[in-house]
Amino acid sequence: LNVKLTHVPPKGMIDTLAFQAVKFVRFGFDSATGWRNDNITIPNIMNRVIFLETIAAVPGMVAAIVRHFKSLRSMSPDGGLLQMFLEEANNERMHLLTFVRMKDPNTFFRACVIGGQFGFGSFFLLAYILSPKFCHRFVGYVEEEACSTYTKIIKAIEDAPEGSDLAAWRTEEAPAIAKAYWKLGETGSVLDLMYAVRADEAEHRDVNHLVSGLKEGQFNPLYDPESKLDMMLLKYVEDIMNKNKDAELKSVPKPE
């Protein structure tokens with residue numbers, strides 16, 4: 001789960017607008033959550049990641065919905081993008097469901113989430129209808145910031161002095177939902193969880209930057225329908241063979 005912190009330099013007006021928009025949002029987000037890189041504490045981490053994930057799950061769902069209706073109107077396939085963004089949205093949702101097992105947000109925090117979703121969701125929906133390229137580049141830059149944030153969190157946990165609250169996360173078990181979803185094992189720690197989440201964010205970063213450069217009508221280069229078909233056929237053959245084996249075993253007469 002070693003992740004490199006990469007950056008795609010803006011090229012052209014749309015990229016520059018997306019980059020500057022993320023910088024503006026980052027400033028407001030840091031102020032709202034009280035985040036400071038020189039004072040990383042568990043309360044600051046939990047406030048940040050919980051609120052972040054309630055917003056981060058919006059773009060993938062918006063992209064999937066817009067592309068779904070466009071596919072219906074045009075009566076043509078989407079090129080393997082729609083399902084990918086649904087999976088991205090669900091992945092971000094799993095981040096949230098994991099973190100709320102570690103802290104239960106209060107009423108005010110939940111109200112802020114509703115306001116944030118309404119405001120950002122409305123903005124992103126309109127922006128995606130007007131310019132998917134801008135939106136995917138915007139998400140790519142957001143995910144660059146997310147990778148940077150999780151890297152700082154991981155470093156803070158690893159460097160925390162023994163006996164501190166952050167140091168406890170090196171051995172404290174992650175919530176059961178996280179151990180099951182990311183297959184962290186029975187003793188998977190909160191630190192392991194942070195590594196897994198950062199890897200997810202890096203994947204979303206690279207995917208959105210890639211999709212931002214696709215032209216209208218291009219197929220998703222990460223989508224391989226032939227490979228999926230081969231896997232489906234292989235599973236079908238395995239199921240048939242297993243059924244035949246079961247039938248043969250049942251037909252063997254039991255010794256009296």
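## First stop: Phe109

Select Phe109, which counts as buried at 15% relative accessibility; buried means under 20% relative accessible area, exposed over 50% and partly exposed in between, with a 1.4 Å probe and protein chains only. Phe109 has its place in helix H4. Helices (H or I, at least four residues) and strands (E, at least two) are DSSP runs, numbered from the N terminus.

Now show what surrounds Phe109. Leaving aside neighbours within four places in sequence, Phe109 is in contact with Asn47, Ile50 and Phe51, where contact means heavy atoms within 4.5 Å. Draw a distance between the C-alpha atoms of Phe109 and Asn47: they are separated by 8.6 Å, although the two residues are 62 apart along the chain.

A word on what you are looking at: this is a predicted model, in which local features need pLDDT of at least 70 and side-chain atom pairs count only at pLDDT 80 or more, while totals for chains, interfaces and linings use all residues. Residues are numbered from 1 along each chain as its sequence is written, and side-chain values use heavy atoms, with hydrogens and water left out.

## Zoom out: the whole chain

Switch to cartoon view. The protein chain has 9 helices and 0 strands. Of its 256 residues, 43% are buried. Among contacts with a separation of 6 or more, 70% are between residues 24 or more positions apart.

## The nonpolar core

Next, select Ile45, Phe99 and Met194. Within the largest nonpolar core, which has 56 residues, these three touch the most other members. A nonpolar core here is a set of buried Ala, Val, Leu, Ile, Met, Phe, Trp, Tyr and Cys residues joined through side-chain atoms within 4.5 Å. At least two residues of this core come from each of H1, helix H2 (42-74), helix H3 (82-99), H4, H5, helix H6 (165-168) and H8. Which helix gives the most to this core? That is H2, with 12 residues.

Keep Met194 selected and show its surroundings. Not counting residues up to four places away in sequence, Met194 touches Ile45, Phe99, Tyr150, Ile153, Ile154, Ile157 and Trp169.

## Where H4 meets H5

Two packed helices are described by the angle between their axes and the distance between the axes. Colour helix H4 (residues 107-130) and H5: they pack at an angle of about 130°, with their axes 6 Å apart. Axes are lines fitted to C-alpha atoms, for helices over the stretch in contact, and angles run from 0 to 180 degrees between N-to-C directions. H4 and H5 are therefore oblique to each other; angles under 35 degrees count as roughly parallel, over 145 as roughly antiparallel, 65 to 115 as roughly perpendicular and the rest as oblique.

To see the contact itself, show side chains including Phe120, Phe123 and Phe124 of H4 and Phe134, His136 and Phe138 of H5.

Ser212 is buried, with a relative accessible area of 3%. Not counting residues up to four places away in sequence, Ser212 touches Lys133, His136 and Arg137.

## Salt bridges

Time for charged pairs. The whole structure holds 11 salt bridges, each being a side-chain nitrogen of Lys or Arg within 4 Å of a carboxyl oxygen of Asp or Glu.

- Select Glu145 and Arg26: their closest N and O atoms are 2.3 Å apart. This pair links Glu145 in helix H5 (residues 132-159) with Arg26 in helix H1 (residues 12-33), 119 residues apart. Both residues are buried.
- Select Arg110 and Asp104, which meet in a salt bridge at 2.7 Å, N to O. Arg110 is partly exposed, with a relative accessible area of 45%, and Asp104 is exposed at 60%.
- Select Lys155 and Asp159, whose closest N and O atoms are 2.6 Å apart. Being 4 residues apart in helix H5, the two are separated by about one helical turn.

## Last stop: two loop residues

Most residues other than glycine have a negative phi. Select Met75, in the loop between H2 and H3: its phi is positive, about 55°, although it is not a glycine. Met75 is exposed, with a relative accessible area of 75%. Finish at Lys183, in the loop between helix H7 (176-181) and H8, where phi is near 55°. Lys183 is exposed too, with a relative accessible area of 71%.
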